[in-house]
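Here are my notebook entries from a look at the model below. I went strand by strand, then on to helices and chains.

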Amino acid sequence: MPEIVKLNVGGAVNAALARALDEMPETLLYGEDVALPGGVFGVTRGLQKRFGDRVFDTPISETAMLGAAVGAASFGRRPIVEIMWIDFSLVAFDQIVNQAANVRYVSEGRTTAPLTIRTQQGNAPGACAQHSQNLEALLLHVPGIRVAMPRTPQDSYDVLLAAIASDDPTVVIENRTLYAGSKEAVEIGGPVQPIGGHRRRRTGSDATVVCWGAITAKVLDAVDRLEGEGVSVDVIEAVWLNPFDTEVVLESAARTGRLLVVHEAARTGGFGAEVLARVAESGVPLRTAPRRLGLADSRIPSAPQLAAALLPQTNDVETALRELVAGGAA
Amino acid sequence: MKLDDLLSMWRIRALEEKIRDLRLEGPIVGSVHLANGQESVAVGACSQLRPQDALYATYRGHGWAVARGVPPREIFAELMGRVTGVNGGRGGSAHFSAPQHGFHGENSIVGAGAPIAVGAALAGKYDGSRRAAMTVFGDGAINQGAVAEAMNFAAALGLGVVFVCENNRYSELTPIDDMVAEPDLSRRASALGIPAVRIDGNDLAQVRTATRLAVEAAAAGRGPSFIEAHTQRIVGHYIGDSEQYRPAGELERDLVVEPIARLTRELLADGVPTESVERCERRAREEMETAAAAALRDPLADPATAKEHLYA
């Protein structure tokens, strides 16, 4: 029975994992430090105690972890693997791109890989260049892999369960700066949702913002500032990036005539470029040139003030929106 | 029994030679890697696998598929892009699978099958199958991190993986001895706490014994094993390989010790009639001619289906 509980993102992820392990006996949960220590962020705390040997620690061997997921998934298990930082997935990209993404297609569906990779990404103050990247575009370039980036406690719960229940290999990218955030009312125990979908965070008619991940909070701050000045903005948070809700973006852009995409990932080759390309290809008429904000094409420095100079801030979003609205005023 | 072994090895040799012909004549396109000379490892190892066991091979995997029971016609069809291919032409020579026969796939990425086999064994820990997961790779793959990770992962978690290293002396085109300081590759495994043996892969009895013990250990929950089987590839790394790297006289020596020549000599020395021995080759070649001809008559995979099966 659905119930409402107060959870932060970390608690919501834990609740989703507990439910999956409880309701889907074929699930396995493993990764570095996830079982006995309960995860470096405490997200998997208590799960080994509750679910025994279906929750276990592994060597620091991302390739073996993900290869084992591909193999176990093809034999009826439903592995949930934690990759502690998305930056660490790079040492195991073969198993994601060449293996997990391929098995269903090349086997004509005889072999499948219903596995979930839970990871987290993004900059946090003081984080080094190898612990700060936003790499969703690398995964989105790979047909066969589903990708989601939940942000709120409710979405973190719902999206993770949808991913685990999905028969596709799915990467759920969380953000460690959100795990210990404030608790919110979360409905747990409701029907497991299908993959896909967006969240419309604000409704407006002057411009459309498409964004995903933790940076959405900055977008909402900027939009709320502008609202006091009578500028109303449609904000579409793309919780799922594959599948991506192109239609909702086209509908909104057609209505507002102005489009801004904001992500924390680097601009060049970022998924924002794909969103703009889809809008351009659709022929939806815009009143002014679309914009995108992302990490200036750069490595990411550790010092917070240096990183902040490269990553989009609330003021940058506000400025971009002001320019966008002014540009299409005629 | 020995005649059956000879027939099994000839089936692989004849399949590979027919594939070579079809590649040179045109119906097969693309990169093709043959396993001529290595037949005994596949025949011996697969003879010890049970239906519930999982086999992961490499791009040099046609012979392993045949030894596991994949019908040759479906292999030929796969390599020719036919709808009747084991994967309807999506896998091709280097990346096909037939899980219904316990053949869980070739892999075109050197060493990548090893971690996946670990997962098959991991699943076996929960499903009660007592599954042994066998992963086959070449000597070159021993230098891949994926293989090292897979071996340690299996050892640390006590998973029933059988690591079979077919040491054919060449890491693709480069002598393996030039790429390692320790020529005993089995020591990689023993260093990780995995029981490891080095055997003459041309000797079917040795292959059988080593594999039987490894599969038994896996099934009994005693964890992984490692077998380094010394063998030789008597053709190029791929069709078209000029093999300029081979020292003079090497191929001639290999042609004497390779397993079909070896078993043929043994049978004749045992007094088996020449006619019976020769019938193995003839029968295998006839079977492959028939299978290839049937595959050639099968319809090509339909381009309208190219987008299917990407997602659930």
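This is a predicted model: local features need pLDDT of at least 70, side-chain atom pairs count only at pLDDT 80 or more; totals for chains, interfaces and linings use all residues.

Which residue in β11(A) is the bridge partner of A:Cys211? I looked it up, and the partner is A:Glu237.

Residues are numbered from 1 along each chain as its sequence is written, with chains lettered from A and ligands numbered from 1 in written order.

Sheet: I found that β10 (207-211) and β11 (233-237) of chain A run parallel, joined by five bridges. They belong to an open, mixed sheet of five strands, ordered β9-β11-β10-β13-β14. Strands here are DSSP runs of E with at least two residues, helices runs of H or I with at least four, and strands pair with at least two bridges. β9 and β14 of chain A each have a single partner strand, so one side of each lacks a neighbour in the sheet. I noted an average twist of 20 degrees from one strand to the next.

Helices on the sheet: I see α9 (216-227) of chain A across β9, β10, β11 and β13, at about 170 degrees to β11(A). Angles run from 0 to 180 degrees between N-to-C directions, with axes fitted to C-alpha atoms, for helices over the stretch in contact.

Chains: I counted 31 residues of chain B in contact (C-beta atoms, placed from the backbone, within 7 Å) with 32 of chain A. α5(B) gives the largest share of chain B's side, ten residues.

Definitions and conventions
Two residues are in contact if their C-beta atoms, placed from the backbone, lie within 7 Å.
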